[in-house]
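Biologist: I am new to this structure and would like to go through it with you. Could you show it to me, please?

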Amino acid sequence: MTTEIVEDKPRLLKAVEFILAKPEDIKKESIQVLEKYKKAKPNKSESEIQKLASEKIISNYSYYAAFAGGTTALTGVIPGIGTAIAIGGGASADAVACMKFQIEMTMAIATVYGHDILIEEEKRLCYIIAGLGAMSEAAKEGGKTVGSKAFVKLVQ
């Protein structure tokens with residue numbers, strides 16, 4: 001009998017988890033955004049405040065993703081080797097960054113709507129929701145077969 005722990009996570013998921021912000025920090029920042037809107041708009045209902053905070057969070061993460069995409073594409077400016085690096089490493093780095101931002105954004109929005117992302121089950125649901133969102137976009141882009149295969153694997 002062996003005590004070796006088998007880790008079967010894909011490399012991409014390991015990379016995303018490595019650079020993912022701490023759930024405690026995401027929760028703290030999300031609550032700060034929520035509180036800011038509560039103070040600024042005391043006449044608004046709770047659901048209106050949540051919507052405003054969610055829109056702000058989505059806007060912030062959109063900027064982060066755009067900046068990351070632009071940064072990873074910079075290597076392509078260098079003729080020859082820069083193009084090769086942009087195709088290989090740039091695409092991988094961009095995919096990891098986008099997944100990071102999607103998961104963090106999902107966690108932030110979940111916090112705004114009252115979910116405790118410090119609970120492991122809630123955290124995993126955020127991963128699944130962010131993954132489903134990514135697959136949905138892939139399906140819209142014409143990758144319906146890839147999206148459905150990935151969805152089947154996720155469900156399994």
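Biologist: In which helix do Glu35 and Lys38 lie?

Modeller: Both belong to helix H2 (residues 23–40), where they are three residues apart, about one turn of the helix. Helices here are DSSP runs of H or I with at least four residues, numbered from the N terminus. Please note that this is a predicted model: local features need pLDDT of at least 70, side-chain atom pairs count only at pLDDT 80 or more, and totals for chains, interfaces and linings use all residues. Residues are numbered from 1 along each chain as its sequence is written, and side-chain values use heavy atoms, with hydrogens and water left out.

Biologist: What do the side chains of Glu35 and Lys38 meet in?

Modeller: They meet in a salt bridge, at 3.8 Å from N to O. The term means a side-chain nitrogen of Lys or Arg within 4 Å of a carboxyl oxygen of Asp or Glu. Side chains of opposite charge can pair when their charged atoms come close.

Biologist: Which residues are linked with them in a network?

Modeller: The network of salt bridges links Glu35, Lys38 and Glu46.

Biologist: How many salt bridges does a search of the whole structure find?

Modeller: It finds seven. One of the pairs is Lys51 with Glu55, at 3.4 Å from N to O. These two are four residues apart in helix H3 (residues 46–73), so about one helical turn separates them. Glu55 is partly exposed, with 41% relative accessibility.

Biologist: And what about helix H5: how far apart are Glu120 and Lys123?

Modeller: They are three residues apart, so about one helical turn lies between them. Their side chains meet in a salt bridge of 3.3 Å, N to O. Glu120 is partly exposed at 40%, whereas Lys123 is buried at 19%.

Biologist: Changing topic, which residues make the nonpolar surface patch?

Modeller: Leu125, Ile128 and Ile129 make it, and its area is about 250 Å². Patch residues have over 30% relative accessible area and no salt bridge; like charges are joined within 9 Å, and nonpolar side chains (Val, Leu, Ile, Met, Phe, Trp, Tyr) within 5 Å. Accessible areas come from the Shrake-Rupley method with a 1.4 Å probe, and for residues only the protein chains shown count as cover.

Biologist: Where is Leu125 found?

Modeller: Leu125 is found in helix H5 (residues 120–140). Its relative accessible area is 39%, so Leu125 counts as partly exposed.

Note on methods
Buried < 20%, exposed > 50% of the residue type's maximum accessible area, 1.4 Å probe, protein only.
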